[in-house]
Amino acid sequence: MRGMLWCGLVLLMVGMLVAPRAVGQENPYIVAYDHNLEEPGNLEVEYFSTFGTQRGGPDFHGFWSEFEYGATAWWTTEFYLDAQSTFGESTIFTGFRWENRFRPLKDEHFVNPILYIEFENDNEADKILKEVEGHDVESDYAVPNAIARKEKDREMEFKLILSRNYKGWNFTENTLAVKNLSNQPWEFGYALGTARPLALKGASHRCNFCAQHFIVGVEMYGGLGDRYSFGLHNTSHYVGPGVAWNLPSGWTFRIEPTFGLNDQSHQFLLRWGASYEFSGFGRTVESLFQGHGE
Amino acid sequence: MNRRTYRWVGVLLGVAVALGLQAQTIWDGAVYSELAKAPTKYQQMQNPLANDAEAPMAGAVLFEEHCEECHGKAAVGGRKAPTLRAAEVREARPGAIFWILSNGVVRKKMPVWSKLPEPERWQLVSYIQSLNR
């Protein structure tokens, strides 16, 4: 098992060293998803961070890594590693997630659906707030790490992503349904987002600071209760304007100050991320075994 | 040679194979048949940037950033995607190329590029057509 892990790590490193960079065109969303999948064979390595204020407890810093791979032009798969630091308490690893997004329709339509399936294996100390679901409220995050980390949280999460690109704008809506595998009711949530590049035309020279590389947007997300108490009662909601800077070198940086919209929400979250896209990663790894492609 | 040496030889061979990936694949003309599938509405579209002298240059930059990895430098073709200097592309309507960019051919690994704003897609069309003049 350890050998396989090392082998995987070596392949990852070799692939990342050999694969050329690819330029992203990422929207600034941290929580919402659009219908733009990863290009086939590309690997995007991402780091995200969320600083959160906490009433009734210490502030925290949730952070996670994502490895996003374009398996085909209609299937993107992604692996997450989550962790958090609660100030004055401890820094802990909280679990992993495996996410898959599928594009069922082959052409671009008025609205483009994406089916999303994720398995989460983490604990109750997880504070990355990658989604808000059910009756997630601020007070849930005040439980000390030593207690919260003992409670396992295994969930299946399903999303229907409806998104459209129109005249440079992206509009997206995500509906979320989550089932905790330990016999708890279905929980629901939502995310909405819109974004647009600062310029719609590309510049005739290569540049880092051209307006086309900056995409600004806003997203809003929150819980919608559970199967027995569907609605807005005792739920939290957030809104965050954000900006993404897609550099020609393959790097993307995002930042999003986020504000809680009711008393059940964290008052303020500062979210940011950095990612790098490796082009042709899959082919590189494949060729290590085959010597030639299709 | 002991086992350790074999292992190192294996690793070096793997890296060499990976580096040798740049060799090109010969694509047959059937890959261009998707261009003919563009709906009439698209076939009749004119490139709104056809008279923009900067459009092919901007398209070249976009091509380098988003397309070159598959279609090769200056669109001469690569292992993942065919050359765009073929007669089929030369004869294609601008709207048909725009339609392929906007919709992709997802079952054949060509991604959807609707995430690029429409003017950028038209700049790419200008560049691709400039290659075939």
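This briefing walks through a two-chain structure, topic by topic.

The model is predicted, so keep in mind that local features need pLDDT of at least 70 and side-chain atom pairs count only at pLDDT 80 or more, while totals for chains, interfaces and linings use all residues. Residues are numbered from 1 along each chain as its sequence is written, and chains are lettered from A, with ligands numbered from 1, in the order in which they are written. Chain A holds a closed barrel of 12 strands, while chain B has 7 helices and 0 strands. Helices (H or I, at least four residues) and strands (E, at least two) are DSSP runs, numbered from the N terminus.

**The barrel of chain A**

- The closed barrel runs β1-β2-β3-β4-β5-β6-β7-β8-β9-β10-β11-β12 in chain A, and its pairing is antiparallel. Two strands count as paired if DSSP finds at least two bridges between them.
- On average, and with direction ignored, neighbouring strands of this sheet are turned by 20° against each other.
- Strand β1 (residues 43-52) of chain A runs antiparallel to strand β2 (residues 60-72) of chain A, and 10 bridges join them. Look for A:Val45, whose bridge partner in β2(A) is A:Phe67.
- β2(A) is also joined by 12 bridges to strand β3 (residues 75-86) of chain A, again in antiparallel fashion. A hairpin links β2(A) to β3(A) through 2 residues, and A:Glu66 has A:Tyr80 in β3(A) as its bridge partner.
- Further along, strand β5 (residues 112-123) of chain A pairs with strand β6 (residues 152-166) of chain A in the antiparallel sense over 12 bridges. Here A:Glu118 has A:Glu157 in β6(A) as its bridge partner.
- A handy rule for looking at such strands: in a regular strand the side chains alternate between the two faces of the sheet.

**A loop residue in chain A**

- A:Gly250 sits in the loop between β10 (237-246) and β11 (251-260) of chain A.
- A:Gly250 is partly exposed because 19 other C-beta atoms lie within 10 Å. The scale works like this: 20 or more other C-beta atoms within 10 Å make a residue buried, 12 or fewer make it exposed, and anything in between is partly exposed, with C-beta atoms placed from the backbone.
- The C-alpha atoms of A:Gly250 and A:Glu108 are separated by 25 Å, and these residues are 142 residues apart along the chain.

**The helices of chain B**

- From the N terminus on, the elements of chain B run α-α-α-α-α-α-α.
- Of the 133 residues in chain B, 45% are buried.
- Among contacts in chain B between residues at least 6 apart in sequence, 71% join residues at least 24 apart. Two residues are in contact if their C-beta atoms, placed from the backbone, lie within 7 Å.

**Where the two chains meet**

- The contact takes 36 residues from chain A and 34 residues from chain B.
- On the side of chain A that touches chain B, the elements giving two or more residues are α1 (2-18) and α3 (281-290) of chain A. α3(A) gives the most, with 4 residues.
- By class, that side of chain A divides into 13 nonpolar, 14 polar and 9 charged residues. Ala, Val, Leu, Ile, Met, Phe, Trp, Tyr, Cys and Pro count as nonpolar, Asp, Glu, Lys and Arg as charged, and the others, Gly among them, as polar.

Terms used. Axes fitted to C-alpha atoms, helices over the stretch in contact; angles between N-to-C directions.
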